[in-house]
Amino acid sequence: MRSSAALRIIVDENIPAAVECFSQFGEVQQVSGRELSRADIGAAEVLVVRSVTKVNEALLAGTGVRFVGSTTIGTDHLDLNYLAANEIKVCNAPGSNAESVVDYVISAICSCGNLLDRLLSGEPVGIVGYGNVGRRLGRRLSALGIAWRAYDPLLDQATEGLSSLEEVIGSSFVCLHAPLTRDGLYPSYHMLGLDQLGAMPANAVLLNAGRGEVVATEVLLSLCEQRPDISLVLDVWEGEPCFPANLASRCRIATPHIAGYSADGKLTGLRMVASELAAFLNLSLLPFAVPSSMADSAEIACDGANELDFIKNAVAAVYDVMEDDKRFRGIIGSSNRGQAFDLLRKHYPVRRELAYSALASTNPKFSAVLQALQSGR
């Protein structure tokens, strides 16, 4: 039997194509992930969420849930110990939106004054967290001819590209992509202090597209006071969705936790979780309809006076982070920032990834650069 009306599936309303995908397994109900309660779940056996939903005993005790899937790469919102102790199958989607985050980083590089020129001229990028995102970012930077070094104490330190934290923080552009952990030998919670960040070189840029809690808000505000030459690019915040307005207003680029929000990444995460659910139910995953916005796009012709211009034009033609920054700045003064933050995410425009876009160079000399920009997949 392909599906059963008795199988109830609760899914976050911000997961595109979720109804089309999961209806093959049972009855699908869409909910607000941020406001989901135990009463909403009831006898449902399957719960599919994103990172805004804290899945723990408080949410699941007394419910019928026996499968939890998160279509996002992280697991800090899942109480893995509780799920294991109660024999609830759990899965996430590691790497699903990693290329989307890399696109965000590349767009930010293109939007921070002369940063791209400096990096192409030899100034290095520092990557904190060499997991799914960090590795893909390193690969894309190498393809573009940009030097980089990474810090990740959880990996074999003989891994190519790894350096000390001090060396990484000494880079002109530092990207934070560490998952949020609060225990173990190297917890990432508030891992970087003012003394460390204050050692960044002149006119450096600090980008955080991992988790807001990796650097305390007070540390970043103090950094703005003591080192106004350092630019901040923040996509994640302590206290989300109620982000600190005083910090957001001082950022070079500020966005509402959407670095990994490409439509391609969401669809990949959906398929990964759906495949796990199909296996859990001893079924196969059947094809399902995807939004028309995910269909092949028309060719985008790109050119430029030089390589620098070409990269900026090609990236902006697909994803311009400054559009997200503009929308976000419109809510900084809102009387209900948390609600406005979530609405920006809920109504986020369809965004394709560079690798899935029909980019084409009108000048053959830029073909290698174009290939490097789309080398993620």
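# A guided tour of charged pairs and stacked rings

E99, D103, R136, R139 and R140 are linked in a network of salt bridges, a salt bridge being a side-chain nitrogen of Lys or Arg within 4 Å of a carboxyl oxygen of Asp or Glu. The model is predicted, so local features need pLDDT of at least 70 and side-chain atom pairs count only at pLDDT 80 or more, while totals for chains, interfaces and linings use all residues. Residues are numbered from 1 along each chain as its sequence is written, and side-chain values use heavy atoms, with hydrogens and water left out.

**First stop: the salt bridges**

Select E99 and R139. Their closest N and O atoms are 3.4 Å apart in a salt bridge. This pair links distant parts of the chain, with E99 in helix α5 and R139 in helix α7 (residues 132-144), 40 residues apart; helices (H or I, at least four residues) and strands (E, at least two) are DSSP runs, numbered from the N terminus. E99 is buried at 2% relative accessible area, whereas R139 is partly exposed at 44%. Here buried means under 20% relative accessible area, exposed over 50%, and partly exposed in between (1.4 Å probe, protein chains only).

Side chains of opposite charge can pair when their charged atoms come close. The count for this model comes to 15 salt bridges.

Next, select D76 and R211, a salt bridge with its closest N and O atoms 3.1 Å apart. D76 lies in the loop between β4 (67-70) and α4 (80-85), and R211 in the loop between β9 (205-208) and α10 (217-226), 135 residues apart. D76 is partly exposed at 31% relative accessibility, while R211 is buried at 14%.

Then select R352 and D264, whose salt bridge brings the closest N and O atoms to 2.9 Å. R352 is in the loop between α15 and β13 (359-361), D264 is in helix α12 (residues 263-280), and the two are 88 residues apart. Both R352 and D264 are buried.

**Second stop: a buried serine**

Select S100, which is found in helix α5 (residues 98-111). Is S100 buried or exposed? S100 is buried, with a relative accessible area of 0%. A polar atom of its side chain lies 2.8 Å from the backbone oxygen of A259. The backbone nitrogen of Y261 lies 3.4 Å from a polar atom of the S100 side chain.

Select W237, F243, F328 and F341, which ring pairs link into a cluster. Rings of Phe, Tyr and Trp (its six-membered ring) pair if their centres lie within 6.5 Å; planes under 30 degrees apart count as stacked, over 60 as edge-to-face and the rest as tilted. By this rule there are 10 aromatic pairs. W237 and F328 are stacked, because their ring centres are 5.6 Å apart and their planes at 25°. W237 sits in the loop between β10 (231-234) and α11 (245-248), and F328 in helix α14 (residues 321-329), 91 residues apart. W237 is buried at 2% relative accessibility, and F328 is buried at 0%.

The rings of F243 and F328 have centres 4.7 Å apart and planes at 45°, so this pair is tilted.

Notes. Polar contact = N/O pair within 3.5 Å; in protein donor to acceptor, adjacent residues only side chain to side chain.
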